[in-house]
Amino acid sequence: LLSRVREGAALFILDNADEEGGESNANGLLRLVGMEITRADTVGPARFYGIGDFGGADPAIREDLSAIPLTANADAVTGGEGLMEDAAGNHIFSLTRVGDGAIAVFTDPDLFYNLELGDVSANLTDRTRQLTRLEFQIMKLLAERKGESHAP
């Protein structure tokens, strides 16, 4: 995986820390690039910045992404550039460059499930519209990442 990322691929990890052991399934890989998912008492709402070396959220919708509701299973990620943080300052979404590619970590994967988003036949609510915009901005950010590589 790391070899592909170093060659220019983007790896998107959706994970949180295990409730019993407090350990993420992805930490073995993440520690190799200076990142780690840890248990945290996250405090919603979260703000998506999507700025910095990795591009940015569309300014027209950035304000819509300033109060993302978190689920009870959200955790924190250390390392990389934090692009989304909760009210307590925990990073929920972070990116790090690896060679010519990038690894992105999102620690509230429940936000990407149908329970939060609804199914394909559901009408959008303000909440689901906000979450789909967040997900689109994250995917866009990964697809359009620019700049020089910073290989660990």
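1. Glu36 is partly exposed, at 25% relative accessibility; here buried means under 20% relative accessible area, exposed over 50%, and partly exposed in between, with a 1.4 Å probe and protein chains only. The model is a predicted one, in which local features need pLDDT of at least 70 and side-chain atom pairs count only at pLDDT 80 or more, whereas totals for chains, interfaces and linings use all residues. Residues are numbered from 1 along each chain as its sequence is written, and side-chain values use heavy atoms, with hydrogens and water left out.

2. Which residue forms a salt bridge with Glu36? The partner is Arg31, with 2.7 Å between the closest N and O atoms; a salt bridge is a side-chain nitrogen of Lys or Arg within 4 Å of a carboxyl oxygen of Asp or Glu. Arg31 is partly exposed, its relative accessibility being 42%. The structure holds 2 salt bridges.

3. Another salt bridge joins the side chains of Asp75 and Arg39, at 3.2 Å from N to O. Asp75 lies in the loop between helix 3 (59-62) and strand 4 (76-78), and Arg39 in the loop between strand 2 (36-38) and strand 3 (46-48), so the pair ties together parts that are 36 residues apart in sequence. Helices (H or I, at least four residues) and strands (E, at least two) are DSSP runs, numbered from the N terminus. Asp75 is buried at 0% relative accessibility, whereas Arg39 is partly exposed at 42%.

4. Glu36 also bears on the surroundings of Asn27: not counting residues up to four places away in sequence, Asn27 touches Glu36 and Ile37, contact meaning heavy atoms within 4.5 Å. Asn27 belongs to helix 2 (residues 27-30) and is buried, with a relative accessible area of 0%. A polar atom of the Asn27 side chain lies 2.7 Å from the backbone nitrogen of Ile37.

5. Strand 7 (residues 101-106) contains Ala102, and 6 of the 6 residues of strand 7 are buried. Gly101, Ile103 and Val105 point one way, while Ala102, Ala104 and Phe106 point the other way. Ala102 has a relative accessibility of 0%. The C-alpha atoms of Ala102 and Leu11 are 6.4 Å apart, although 91 residues separate the two in sequence.

6. How does strand 7 pair with strand 1 (residues 10-14), in the parallel or the antiparallel sense? The pairing is parallel, over 5 bridges; two strands pair if DSSP finds at least two bridges between them. Val105 of strand 7 is the bridge partner of Ile13.

7. Strand 6 (residues 91-98) pairs with strand 7 in the antiparallel sense, over 6 bridges. Within this pairing, Phe106 of strand 7 is the bridge partner of Phe93. The hairpin of strand 6 and strand 7 has 2 residues between the strands, and Gly99 takes a positive phi near 60 degrees there.

8. Helix 5 (residues 126-143) has 18 residues and reaches 26 Å from its first C-alpha to its last. This is close to the 26 Å expected at 1.5 Å a residue, the expected span being 1.5 Å times one less than the number of residues. The buried residues of helix 5 include Leu131, Leu134, Glu135, Ile138, Leu141 and Leu142. An α-helix has 3.6 residues a turn, so residues three or four places apart point the same way.

Key
Polar contact = N/O pair within 3.5 Å; in protein donor to acceptor, adjacent residues only side chain to side chain.
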